[in-house]
Amino acid sequence: CEHRGMRLRRCLPDRGRGKPVESGCWRVMCFLSGVTAVAFCVVVAGCAPRAEVPSTPPTQAYPASFTGTVPCSDQADAMCATLPVPLDYQSPSGGSLKLAVRWSTTAAQGSPILVSLDGGPGLGDNRSMLESTVKALPEVAKSHRIAVIETRGTGASALDCPVLQRQGDAAAAHVMPVPPEIVSGCGETLGEARQFYSTEDTVADLDVFRRALGVSTWSMMGVSYGTFQTQRYAITHPDNVTKLVLDSVVPQNGGDPSYAPALSESGRVMSEVCASYRCGFDPSADLVKILSEGEDGVPIFNALIEAGSFDTDFEPVIEAIHEAAQGNPEPLHRVTAVPDRGLPSAAEFSTALQLATLCTDMRYPWGNSETPVADRHPAAVAAIGALPPAQLLPFDSRTALEQGAISNCEPWPVTPAASYSGELPSKPALLINGGWDLLTPAIDARQQAQRMPRSQLVIVPEWGHVAIASPKGSRAISSFLLS
């Protein structure tokens with residue numbers, strides 16, 4: 001995924017989702033996290049119920065209209081506009097955000113709408129999102145108006161913590177840990193406004209967008225973290241959705257912060273890649289060996305995710321693991337270094353927005369963002385330690401505990417947590433995933449498809465993240481939307 005994002009110009013005062021409520025204990029729950037949105041399952045235990053925050057902020061009372069609607073100056077066959085939304089839907093007079101939106105005009109006015117949601121969270125370049133979607137689905141663009149939105153915390157209103165943004169392990173990596181003082185410092189700098197950047201706020205914004213477009217229903221397509229937003233919208237507003245496309249699937253309740261599915265899937269993926277070029281050795285056995293000898297599994301895991309997120313090129317990482325197992329770790333240390341593609345600005349990808357969303361949205365071994373910071377690490381140690389080692393192979397519990405999906409939200413300041421419940425409505429849905437995707441592994445797509453009786457599942461073999469970028473993926477999505 002390319003990283004794109006933006007900057008919040010000033011933090012508005014807390015307009016009140018109330019004070020944090022006390023969390024009780026928890027049960028096993030599944031959610032999403034990672035420095036670029038990844039799936040995971042959390043061990044939590046059950047006792048006192050937590051107070052529920054309304055799962056859907058009211059949006060109908062808020063005006064739904066565009067300002068500055070004009071043909072896009074930087075894109076042909078597209079209209080651009082600004083969508084005002086409240087910072088806090090519970091107190092809409094307390095300040096607003098202006099979200100950039102656009103939609104294609106190749107299809108006639110009055111054609112069905114397909115809203116296309118980008119990943120991240122933190123990505124916000126809606127021009128590129130519209131361009132890439134139209135290019136991948138040209139026939140769909142002839143019959144549908146494709147609409148895109150820069151989600152809150154991106155675009156011209158992006159959140160920006162400059163010190164965090166300069167951290168390569170945060171801005172240009174997937175699961176690398178960031179120094180905790182930088183994470184907590186960012187959260188404190190954002191102040192109470194950090195609570196208004198959860199997925200439930202984005203869901204409310206999306207419905208304002210739908211109403212401003214003047215349509216009662218639309219089809220929805222999400223990529224990576226956008227699949228989570230898509231599902232949460234469909235659960236919240238079931239009557240407004242006709243079809244769903246989930247590309248690189250995050251489960252409807254998130255994922256597993258231990259990354260257990262992706263950690264264990266790494267062995268299968270490496271074996272299949274190895275067989276494809278006849279490597280002649282067992283990469284999983286090599287990885288188990290070097291981890292037992294003290295190699296850090298987190299940068300290796302990050303490198304494997306990276307290998308399946310851009311050009312699907314696992315061979316250099318696999319060969320480097322083998323070299324390390326033979327006593328030469330230098331190639332491994334080179335390929336596991338964070339890629340030097342130049343650090344993105346907050347205007348390209350907002351790391352602050354990603355943490356503000358994921359740390360508030362998701363459920364961790366300690367519960368949620370209302371749990372006292374001091375209680376989080378002991379809970380994470382206990383939960384990861386209780387996982388059967390076989391569930392993480394060829395990686396180990398140290399990798400699961402120290403990767404950024406967990407470690408980067410441990411120090412996030414106490415924040416009122418978003419509340420999610422409900423099941424997806426029975427709507428036609430296409431779930432599509434790369435078979436070699438370790439950012440959102442195919443096993444999560446299979447499990448989510450089982451929860452959706454009217455769904456189709458397509459696994460694109462020998463492909464990594466973002467299936468629409470593959471010929472098979474784009475054909476499957478186009479066929480589904482046009483049927």
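Colleague: Which residue is the bridge partner of T67 in strand 4?

Modeller: T82 is the bridge partner of T67 there. Before we go on, this is a predicted model, where local features need pLDDT of at least 70, side-chain atom pairs count only at pLDDT 80 or more, and totals for chains, interfaces and linings use all residues. Residues are numbered from 1 along each chain as its sequence is written, and side-chain values use heavy atoms, with hydrogens and water left out.

Colleague: OK. How do strand 3 and strand 4 pair?

Modeller: Strand 3 (residues 67-71) and strand 4 (residues 78-86) are antiparallel, with 3 bridges. Strands are DSSP runs of E, at least two residues, and helices are runs of H or I, at least four residues, both numbered from the N terminus. Two strands count as paired if DSSP finds at least two bridges between them.

Colleague: And which residue takes a positive phi in that hairpin?

Modeller: D77, with phi near 55°; the hairpin has 6 residues between the strands.

Colleague: What's the strand order in the sheet of 9 strands?

Modeller: 3-4-5-7-6-8-9-10-11, in an open sheet with mixed pairing. Strand 3 and strand 11 (455-460) are at the edges with a single partner strand each, so one side of each has no neighbour in the sheet. The twist averages 20° from one strand to the next.

Colleague: Do strand 8 and strand 9 run parallel or antiparallel?

Modeller: Parallel: 5 bridges join strand 8 (residues 218-223) to strand 9 (residues 241-247). One of the pairs is G222 with L246 in strand 9. Helix 7 (residues 225-236) packs on the sheet, touching strand 6 (113-117), strand 8 and strand 9, and its direction makes about 150° with that of strand 8. Contact here means heavy atoms within 4.5 Å, and the angle is taken between N-to-C directions, on a scale from 0 to 180 degrees, with axes fitted to C-alpha atoms (for helices, over the stretch in contact).

Colleague: Switching topic: which residues touch the most other members in the largest nonpolar core?

Modeller: F66, L83, L164, F209, W218, M220 and F314, out of 104 residues in that core. A nonpolar core is a set of buried Ala, Val, Leu, Ile, Met, Phe, Trp, Tyr and Cys residues joined through side-chain atoms within 4.5 Å. Buried means under 20% relative accessible area, exposed over 50%, and partly exposed in between (1.4 Å probe, protein chains only).

Colleague: What does M220 touch?

Modeller: Leaving out residues up to four places away in sequence, M220 touches L114, V115, L117, L206, T230, Y233, V241, K243, L244 and V245.

Colleague: Now the cysteines. How many disulfides does the structure hold?

Modeller: There are 4, counting pairs of cysteine sulfur atoms within 2.5 Å. One joins C72 to C80, S to S 2.0 Å, and that link is right-handed, with 110° about the S-S bond. In another, the sulfur atoms of C274 and C279 are 1.5 Å apart.

Colleague: Why is the C274 and C279 disulfide right-handed?

Modeller: The torsion about its S-S bond is about 80°, so the disulfide of C274 and C279 is right-handed.

Colleague: What about C359 and C409, are they buried or exposed?

Modeller: Both C359 and C409 are buried, and a disulfide joins them, S to S 1.9 Å. With -85° about the S-S bond, the link of C359 and C409 is left-handed. C359 lies in helix 13 (residues 351-361) and C409 in the loop between helix 16 (404-407) and strand 10 (429-434), so the pair ties together parts 50 residues apart in sequence.

Colleague: Last one: what pLDDT does the protein chain average?

Modeller: It averages 86, and 87% of the residues score at least 70; pLDDT is the predictor's confidence in each residue, from 0 to 100. Over residues 1-59 the pLDDT is below 50.
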